[in-house]
Every structure is written in structure tokens, then in C-alpha cells.
Amino acid sequence: MYKTWKALASVTVAAALVIAPLVTAGAAADEPPPDEPTTVAEETVAPSEGAVATDPPPTPVEAVADAVDTVVAAVADLVSPETATPQTYGYHPSPTPTYTPTPTPSCPPMPETGGYYPPECEVEVTPMLSVIPPTCEHAGTFTYSPTDTVTWTFEDQPDGSTIWTATPKDGYVFPEGAQTEWTVPNLDKLPADSNECTEYTVITPTLEWTPPTCDAGGTITFGPDRGVSWLESPNEDGSSTWTASPQDGYVFAEGAQTEWVVPLLAQLPEDSDACNMDVPTIVTFDFAPKPPTCEAAGSFDTAPFPIDREGYTLKVDRSFDGPGTYTITATAKPGFTIEGPTTATITVLGAIGFQSDDNEAPCFRAPSVTLGQPAVEDPCGTENDFAFLPDDTNTVTYEWVDVENPDNFDFIATVADGFTVDPVPTGYSVNGDGTYTYTWVPLPTFTDVPCNEDLIPGDINSECVGSVPYLSYAVNLPEGFVADSDTPLTITFVHPTDPSQDYVVTNLPLSGKLLWPGASVTPPGWPGWELLPDGKYVKTDGNYAWTRDGVTVLFEVNPSYQTTVNYPPESALCANPASVDPPPLAATGGADMGPWGIGGLAIAMTGLALILTRRLARR
């Protein structure tokens with residue numbers, strides 16, 4: 001800046017020397033002499049032929065104005081950023097303009113005689129300056145823009161930086177709040193020995209100390225073990241200030257602590273207060289009761305109490321007397337104090353007990369089931385002697401050990417998952433897979449009393465009861481045969497070709513009346529006839545029509561008897577519907593068809609028949 005302002009001063013002085021005489025002369029020429037009139041006579045002179053017209057010479061005022069314009073132009077050239085030269089306080093690379101706005105075409109050019117653009121013709125531009133800092137390899141650079149609408153000036157600073165200022169040229173304005181001043185740092189390439197251009201190992205110094213005791217002095221621990229120099233400075237109060245500084249090739253982490261004040265670490269004297277006071281101790285209550293089991297309560301061994309430990313003694317409030325709460329108390333010995341709790345509570349629990357609700361919870365015991373006992377049936381003769389397995393249940397199933405061997409009466413009981421057997425009944429033994437084997441000892445015995453082959457028939461025929469057909473029957477047991485119930489009889493209407501269509505009724509007394517197959521009382525029904533939804537009767541091959549033309553009826557207890565029984569003749573009142581028209585509805589409103597003619601008893605008998613067919617004969 002010194003050179004620039006020197007040149008500017010020189011130009012200004014020169015301009016003053018030129019302008020001053022001209023202004024003086026001009027003033028003298030323009031000022032009329034005294035006592036002369038201020039008017040000038042007009043004279044018209046015609047140019048001679050062939051003469052060349054020339055501009056009149058400038059007046060003194062015009063000459064002064066031209067000189068001023070020349071000075072201003074020279075000054076502008078001197079201060080223009082484009083012609084700036086390196087300055088005393090740093091090197092400034094030539095900035096590169098990056099943006100040139102175009103003035104609004106509709107605005108007129110600036111008048112030559114001076115003046116201002118109207119506000120609507122001022123163009124808004126935004127000055128911008130950006131800096132790329134220097135590195136260890138290259139100098140820094142900066143750019144600013146625009147240049148044709150903004151005047152840029154700078155001022156060097158003692159620290160090597162430069163302050164750049166932007167000013168809009170005529171006809172241009174900056175937006176409100178736009179930045180107009182920037183500080184550009186020294187952009188020289190970074191020195192090779194600078195921190196930025198040197199590789200360092202970053203470390204964090206640490207210092208820790210332990211206080212002195214009555215037995216030993218305190219200690220100091222420094223860290224890390226390399227890269228740090230330590231300086232101790234004693235203080236008046238006996239403490240020391242330790243200062244850490246990095247060694248060559250190392251640098252401390254940002255914000256790392258570098259100074260510590262360490263108290264005096266000499267061993268405490270024996271006559272000091274600290275060495276003549278109670279030693280603090282912490283009580284350890286390391287007792288736990290024996291936990292309970294499913295069958296037994298927990299326990300707590302109080303026999304060792306009182307217990308003597310360093311610094312304190314432990315006592316319990318009472319000897320163990322079963323489940324409950326016990327309190328242990330600690331008492332400090334002379335020269336010791338207790339820090340923390342001085343009592344602890346020990347709780348002894350009772351037996352947990354078994355439960356069968358949750359197999360994942362403690363003490364789960366599967367619910368117990370009872371294994372069944374086998375049974376023997378020994379009627380007359382040998383064909384129908386039976387040994388019966390116990391009936392299956394939802395939790396236990398039974399099967400013969402050897403199904404193919406009728407002389408082996410042993411069987412296996414399988415218990416469902418989640419169940420157990422307690423106690424195990426006599427005759428059963430537990431197998432390795434969790435099943436149970438029943439060994440029949442002694443083997444069952446059978447009397448083998450002979451019996452007659454057939455039942456003794458009584459009156460057996462069909463008959464009408466009102467308008468409904470029935471089978472009327474009576475049979476007698478052979479001599480010496482004893483039935484096992486009052487209803488031992490099974491009656492079967494035998495289908496002539498298909499046994500699966502047999503009509504069977506069980507658990508009947510030895511004499512009585514049985515509703516004919518296909519017949520019903522309410523509404524009236526007959527075999528071979530079908531009651532339509534509209535209440536009319538029509539003939540059908542179904543509904544046990546095959547029993548109308550003579551049917552074989554089998555009577556069985558253990559001995560049996562069979563005979564052929566004819567359906568009532570067509571002339572009988574109960575052979576067919578009296579009318580095919582709908583019969584009147586009965587008060588009960590229900591139908592009783594087929595084998596259900598004896599009501600609920602038929603259901604019970606059918607169930608029993610199914611159970612009997614599952615039993616296996618052993619003989």
C-alpha cells in the first residue's frame with residue numbers, strides 16, 4: 001500500500017500543478033476588465049471557400065475539466081485490484097473473477113454529465129469471496145466476484161492477513177445484509193517444520209496417586225510410559241505440582257490435562273490422629289439357609305454362632321427351630337468401626353409341596369391313576385370261557401403281551417403322558433419304558449362244566465298289539481346253566497343274504513314282546529312301508545321289508561336257539577297301514593322307528609355289546 005499511495009500522491013500533485021495555472025488563467029480571461037461593458041457584439045464571419053471547419057479551442061474551464069478526468073483515470077488504474085502487486089505483509093495471488101451480472105437492458109446509460117440511476121434501474125448484485133487455505137505442498141488461493149459491477153479494495157495487516165472490501169459500482173446495489181468485508185489469512189505454503197506438516201503420535205498424559213497410610217507412603221503412577229516429560233515443582237504446603245510436556249514426535253490430545261497437584265505422600269507418623277483411630281471395617285453376611293425341597297423344609301445351621309471375624313463378631317438371635325426368620329447381628333471389636341449394615345435377616349422356608357398343574361414349575365408331580373384288574377368269565381362248556389383285559393380309560397390302555405398265544409394271560413398297561421401310578425397294584429411291575437406289565441399268577445382256572453347246546457324254546461310267534469306288529473317270545477335256559485343277569489338274551493332277525501343288515505337287540509329278558517323291525521307306535525309304522533313328509537304311506541323295499549316273508553330269528557344267551565317266524569298275514573289288522581292317508585299326529589309328536597322300539601334301553605344295550613366285542617378270549 002505504501003507504493004500505491006506514493007504514486008497516487010505524485011499524480012495528485014502533478015494534477016494540481018497543471019490545474020492551478022489553468023484555473024487562474026481561465027478566471028482571468030473570463031473576468032471582464034473594469035469599467036468595460038459585459039456585453040460582446042455579435043459578428044458573423046463566413047468561412048472562405050475551400051476552408052476546413054475546425055472546432056473552436058477549449059475554454060480554460062473545459063481544459064481544467066479534461067485535466068481532472070485524466071487524473072481520476074490515472075488514480076483508478078493505480079488502485080484497481082487487477083493491477084495489485086505483492087505487498088509488504090504477505091503474498092496475495094491474483095484472484096479469479098467468477099461471475100459477471102448483466103445490467104438491465106431497459107435502463108439508460110449513465111449520463112456523461114453525472115447523476116444517479118433511478119432506483120428501479122439499479123441492479124442487485126451479491127459480492128462473494130472464498131478462500132482455499134494453504135497446505136504443506138501448495139500455497140493457498142482465494143477468488144472473488146463479480147468484478148465489473150463491484151469495486152474490490154484490500155488492506156494488509158501486520159499478521160500477514162489481508163482485509164478485502166467490496167463496494168458496488170454506479171448502477172448496482174448489494175442485497176440487504178450482504179457481507180462486504182472478508183479477512184484473507186496469510187496464504188503462504190506451510191513450513192515443513194510446522195505442526196501441520198509434521199507427523200506426531202497423539203497421547204494423553206495421566207497421573208494417579210495413592211494416599212499414604214500408617215504403614216507405607218503413597219505412590220504415584222505416571223502414564224503413558226513413553227512420549228511424556230514430567231517436571232515436579234515443590235509447593236510451600238508440602239504438595240508438589242507435576243507438569244507434563246510432550247517429547248519430540250509426540251503431541252497431547254486436545255483438552256488433555258497437563259498439570260496435577262499431588263499432596264505430600266510420606267508415610268503417616270505413628271502419633272498422628274489418623275494412626276490412632278478406629279479402623280473402619282465392612283461386615284460380610286455370607287450366610288444362606290439350606291433351601292427347601294418338595295418334601296422337606298429348609299434349614300439354617302446356627303450351631304457355629306457366635307462367629308469371630310477380624311474386626312467384628314456375629315451372633316444370631318436364637319438357635320434353629322424350624323422355618324421362620326432369623327436375625328444376625330454384627331458387633332465391632334475394640335479399635336474397629338463398622339461401615340454399612342450391622343444386621344441381616346435370614347428367612348427359612350417350609351417345604352414347597354408337590355403340584356400337578358404346571359409341569360414346568362417346581363415340584364411337579366404327574367396326577368396318579370389306578371391300574372385296572374383283569375377279570376375271568378367261566379360259563380358252562382369251554383367255548384365261551386374268557387379272561388378279560390381291564391377296560392381302557394382316557395389315561396390307561398391295555399393289550400396282551402402275546403396276542404397269538406391263548407395260553408399267555410400277561411398284559412401291558414400304558415399310562416398316558418403326564419400321569420403316574422402310585423401305588424403300583426399287586427401283580428404289576430414297572431418296565432424300563434414306563435409301561436407296566438401284569439403277570440397273572442396263578443393262571444385263571446375254568447370249571448369246564450358241560451352245558452346243553454340249545455335254549456329250550458317256549459311260545460314264539462308274531463302277533464298284533466292294536467295295529468302294531470310284535471314278536472312274542474319265551475325261551476328257557478338249559479338245566480344247570482346260570483345266567484349272569486336278568487336280561488341275558490340277544491335276539492337277532494337274520495337277513496337272508498347280508499349279515500350286515502341283521503336286526504339285533506341285546507339285553508332282553510328270557511320272555512316278552514319285541515317291536516317288529518321297521519314297526520313303530522308313534523307315528524304308526526310298518527316294515528316295507530315309508531311315511532312321506534306329506535303324511536302319506538307308500539310301499540318300499542327298505543324299512544326291513546325283508547322280514548315280511550318269513551324270517552329266521554336267533555335267540556342267544558350262551559346256549560342258543562333259532563327258528564323261523566312269519567310276519568302277520570296280510571289280512572291281519574297290524575300287517576299294513578289301515579289307510580295311506582296321513583294319520584292323526586300323536587300328542588307326543590315323536591317318531592319311534594326300527595330297533596329303537598324299546599326306547600332308551602336299546603341304546604344302553606348297544607353300548608354294552610360294543611364293549612363286549614373288544615374283549616379278547618384267553619383259553
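P523 sits in the loop between β34 and β35, and the peptide bond that joins T522 to P523 is cis, with omega about -10 degrees. Strand names here follow DSSP runs (E, at least two residues; helices are H or I, at least four), numbered from the N terminus. Before going on, a word on what you're looking at: this is a predicted model, where local features need pLDDT of at least 70, side-chain atom pairs count only at pLDDT 80 or more, and totals for chains, interfaces and linings use all residues. Residues are numbered from 1 along each chain as its sequence is written, and side-chain values use heavy atoms, with hydrogens and water left out.

Most residues other than glycine have a negative phi, and most peptide bonds are trans. A cis bond also runs from S145 to P146, with omega near -5 degrees, and P146 belongs to the loop between β3 and β4 (150-156). As for phi, C363 is not a glycine, yet its phi is positive, at about 60 degrees. You'll find C363 in the loop between β20 (343-348) and β21 (368-369). With 9% relative accessibility, C363 counts as buried (buried is under 20% relative accessible area, exposed is over 50% and partly exposed is in between, using a 1.4 Å probe and protein chains only). N507 has a positive phi too, near 55 degrees, but N507 is in strand β33 and is partly exposed at 22%.

Now step back to the whole chain. It has three helices and 38 strands, and 28% of its 619 residues are buried. Of the contacts (heavy atoms within 4.5 Å) with a separation of 6 or more, 53% are between residues 24 or more positions apart. The chain exposes about 39,000 Å², with carbon and sulfur atoms supplying 55% of that; the area comes from the Shrake-Rupley method with a 1.4 Å probe, and for residues only the protein chains shown count as cover.

What about the inside? In soluble globular proteins, nonpolar side chains tend to be buried together. A nonpolar core here is a set of buried Ala, Val, Leu, Ile, Met, Phe, Trp, Tyr and Cys residues joined through side-chain atoms within 4.5 Å. The largest one has 26 residues, and those with the most contacts inside it include L471, L489, W516 and F555. Strands β31 (468-476), β32 (489-494), β33 (503-508), β34 and β37 (551-556) each give this core at least two residues, and β31 provides the largest share, five residues. Apart from this core lies another, of 16 residues, among them L371, V396, V421 and Y436.

Leaving aside residues up to four places away in sequence, L207 touches I220, T221, F222, W230, W242, W260 and V262. Y144, in strand β3 (residues 141-145), is buried as well, at 4%. Y144 and M128 are 16 residues apart in sequence, but their C-alpha atoms are 5.4 Å apart.

Rings of Phe, Tyr and Trp (its six-membered ring) pair if their centres lie within 6.5 Å; planes under 30 degrees apart are stacked, over 60 edge-to-face, and the rest tilted. By that rule there are 26 aromatic pairs. F300 and F305 make a tilted pair, because their ring centres are 6.1 Å apart and their planes are at 55 degrees. Both of these Phe residues, F300 and F305, are buried. W526 and Y537 go edge-to-face instead, 5.6 Å centre to centre with 70 degrees between the planes. W526 is in the loop between β34 (511-515) and β35 (529-531) while Y537 is in strand β36 (residues 537-539), so this pair ties together parts eleven residues apart in sequence. W526 and Y537 are buried. Elsewhere, ring pairs link Y398, W400, F409, F411, Y428, Y438 and W440 into a cluster.

Two rings also have a charge over them, meaning NZ of Lys or CZ of Arg within 6 Å of the ring centre and within 35 degrees of the ring normal. R318 lies over the face of Y326, 3.9 Å from the ring centre, and the charged end of R365 sits over the ring of F354 at 3.5 Å from its centre.
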